[in-house]
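Hi everyone, thanks for coming. I'd like to walk you through one model today, a few spots at a time, so let me put it on the screen.

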Amino acid sequence: MLSLLLRDNIRNITPYSTARDDCKAKMDIYLDANENPYPNGVNRYPSPHQPKLKEMLSVLKHVPAENIFIGNGSDEPIDLIFRLFCPPGESSMVQIVPTYGMYSVAAAINDVRVIDAPLDGNFALDAAAVLSKVEKDTKAIFLCSPNNPSGNLLDRGQILRILDNFDGIVVVDEAYIDFADGESFITQLGKYPRLVVLQTMSKAWGMAGLRIGLAIADKFIVDVMSRIKYPYNVSVLNQSKAEELLSDPLAAADKVAEIKSERNRLATALSDMEPVVRVYPSDANFLLVRFRDKSEVFARLLQAGIIVRDRSSAYGCDGCLRITVGTPEENDRVISVISGKPVGKGQIPADGNPDKEKDPDGGGKPDRRASCFRKTGETAVSVRVDLDNFHKPVIATGLGFFNHMLEQIGYHGGIGLDIICFGDLSTDDHHSVEDVAIALGDCLKEALGDKSGIGRYGFCLPMDEAEAMVLLDLGGRTDFLWDVTLHEPKVGDVSSQMFRHFFKSLSEHLNCNLHIKATGENDHHIVEGIFKAFARALKSAVKQEQQGGVIPSSKGWL
Ligand SMILES: *Cc1c(COP(=O)(O)O)cnc(C)c1O
């Protein structure tokens, strides 16, 4: 029972309520909050529950909006965890050390005793060591993964052991999770209602100035946090700017990829340098580096106008500076100052390997890549396609089953495919599915360019779960045939009738002949069979059939 974990006064509190909370309908005239009636962009109070921002985050994080709390930076949920669960003067929390300084500051402000549980010499987490520090009055354990300042992701199994063996609140701060290859603990919320995952818009999303921090947790905890917080904790300007920046999430993903590659380059470069003792492995956007003489290096960097963080007083960090990964030019300056040698721009390639060419498929072959952004009154869709380079698909539409089907196109098509759709799902799934199909069709068509040398035809008849047959011809004519019977009104969270609609819209925008037949008992298997068969047909149709390095002209082939 989560409510038993709450402080008594918190359990019984009546929140401040606003007239607009009590009345959900849209009104014409607002005379309830003593606002100035003359518009200037900020004359109205902000929404206290940030529904639009939560909807967008819900799509991106694959978690229901009701599990998301939005705070004024992560500082707010950190403070709220103490205010909710830790009676002042008579409770304690356990934190790993070294770690983020804000947990112990917020604990001290709330008169909560801090117990340190040291990580080992490589900053690895030992669940038993943490659990051994728990006392009778311990209400919460704070973990940070990837950890600040050490930079490493904590071992998943050890965190699960703590969740299994401690009956208070377990906080996993994932401020840097987008820079790591590991999976978020958000997926464990259903199993562990006492888990609170912290994330932030400040780092990977580039919005430190907006002060937006997230707690992702059981609905009960989110509801109590929302009752206790200051009612208007995220300003009108901060909400609208965050919505604007979130609407182009693939741009943020590109920056994160660049920062990760720069991190690896910087780590490789630093590890060979004379003043450096050790560069700790990092899953974040910074490096913890031990120097022979950190004060000398710090002073030299400062002299050159570069400020880094001296973490040498933190547990296990003697001689260490923490260096945030900057732009390639900034990192070159850091490399040059620490090594004492000038580094020319581009001298060290992005992956730290000087022998490798920057352009992997040089040779003048045109890129078959495209990005499309499509915004209507109901949806905003971003699609990115790379026909020649597969990567793990990034798919977020707010519809779990649809996400899973779109992933099949990436995996079984062997193409790079990213799709983000913010849609009016509270109405229904129609616009989201249709607009994804349109944007995907347009984007595939753009990536195909003049179609020179492609296979053009794709035919697939996979024999796995269901019998699905897909015939695809990219010749430029549009003929659509759908011979599929689905038995139930919905498959997963998607209306069954939308699948025909999806492929029809796709064929119209990709300009292809598309014939689909499928039979089977189970709707889920039928639809999955169709998406896989489509993906494989697409794979052979878009493949460039080069002969002796000559790309046949489009006339010769089509
Ligand atoms: C930077 C950071 C945060 C983010 O703080 P905000 O208040 O959201 O900007 C949270 N946790 C850790 C460990 C951090 O390093």
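Phe-220 is partly exposed, with a relative accessible area of 30%; for the terms, buried is under 20% relative accessible area, exposed is over 50%, and partly exposed is in between, with a 1.4 Å probe and protein chains only. You will find Phe-220 in helix α8, residues 219-228. Helices here are DSSP runs of H or I with at least four residues, strands are runs of E with at least two, and both are numbered from the N terminus. Not counting residues up to four places away in sequence, Phe-220 touches Leu-2, Ser-3 and Leu-6, where contact means heavy atoms within 4.5 Å. Now look across to Leu-514: its C-alpha atom is 48 Å from that of Phe-220, and the two residues are 294 apart along the chain.

A word on what you are looking at. This is a predicted model, in which local features need pLDDT of at least 70 and side-chain atom pairs count only at pLDDT 80 or more, while totals for chains, interfaces and linings use all residues. Residues are numbered from 1 along each chain as its sequence is written, and side-chain values use heavy atoms, with hydrogens and water left out.

Let's zoom out to the domains. The protein is divided into domain 1 (2-247), domain 2 (252-339) and domain 3 (369-542), with bounds that come from an automatic or database domain assignment. Between domain 1 and domain 3, the C-alpha centres lie 37 Å apart. Their contact takes 6 residues from domain 1 and 10 residues from domain 3.

Next, the ligand. How many residues surround the ligand? There are 14, and the closest are Tyr-176, Thr-200, Ser-202, Lys-203 and Arg-211; a residue is near a molecule if one of its heavy atoms lies within 4 Å of it. That shell divides into 5 nonpolar, 5 polar and 4 charged residues. In this scheme Ala, Val, Leu, Ile, Met, Phe, Trp, Tyr, Cys and Pro count as nonpolar, Asp, Glu, Lys and Arg as charged, and the others, Gly among them, as polar.

Let me pick out some side chains there. Thr-200 has a polar side-chain atom 2.6 Å from an oxygen atom of the ligand, and for Ser-202 the distance from a polar side-chain atom to a ligand oxygen is 2.6 Å. For Lys-203, a polar side-chain atom lies 3.3 Å from an oxygen atom of the ligand. Taken alone the ligand exposes 390 Å², and the protein buries 94% of that; these areas come from the Shrake-Rupley method with a 1.4 Å probe, and for residues only the protein chains shown count as cover.

Most residues other than glycine have a negative phi, and most peptide bonds are trans. Gln-50 has a positive phi near 45 degrees; Gln-50 sits in the loop between α2 (19-22) and α3 and is buried, with a relative accessible area of 1%.

What about the peptide bonds? A cis bond joins Ser-145 and Pro-146, with omega about -5 degrees, and another cis bond joins Asn-148 and Pro-149, with omega about 15 degrees. Pro-146 belongs to the loop between β4 (138-144) and α7 (156-165), and Pro-149 is in the loop between β4 and α7.

One last stop, at Arg-265 in helix α10, residues 249-271. Is Arg-265 buried or exposed? At 3% relative accessibility, Arg-265 counts as buried. Its side chain makes a polar contact with the side chain of Asp-332 at 2.8 Å, and a polar atom of the Arg-265 side chain lies 3.1 Å from the backbone oxygen of Pro-328. A polar contact is a pair of N or O atoms within 3.5 Å; within protein, one must be able to donate a hydrogen and the other to accept it, and residues adjacent in sequence count only if both atoms are side-chain atoms.
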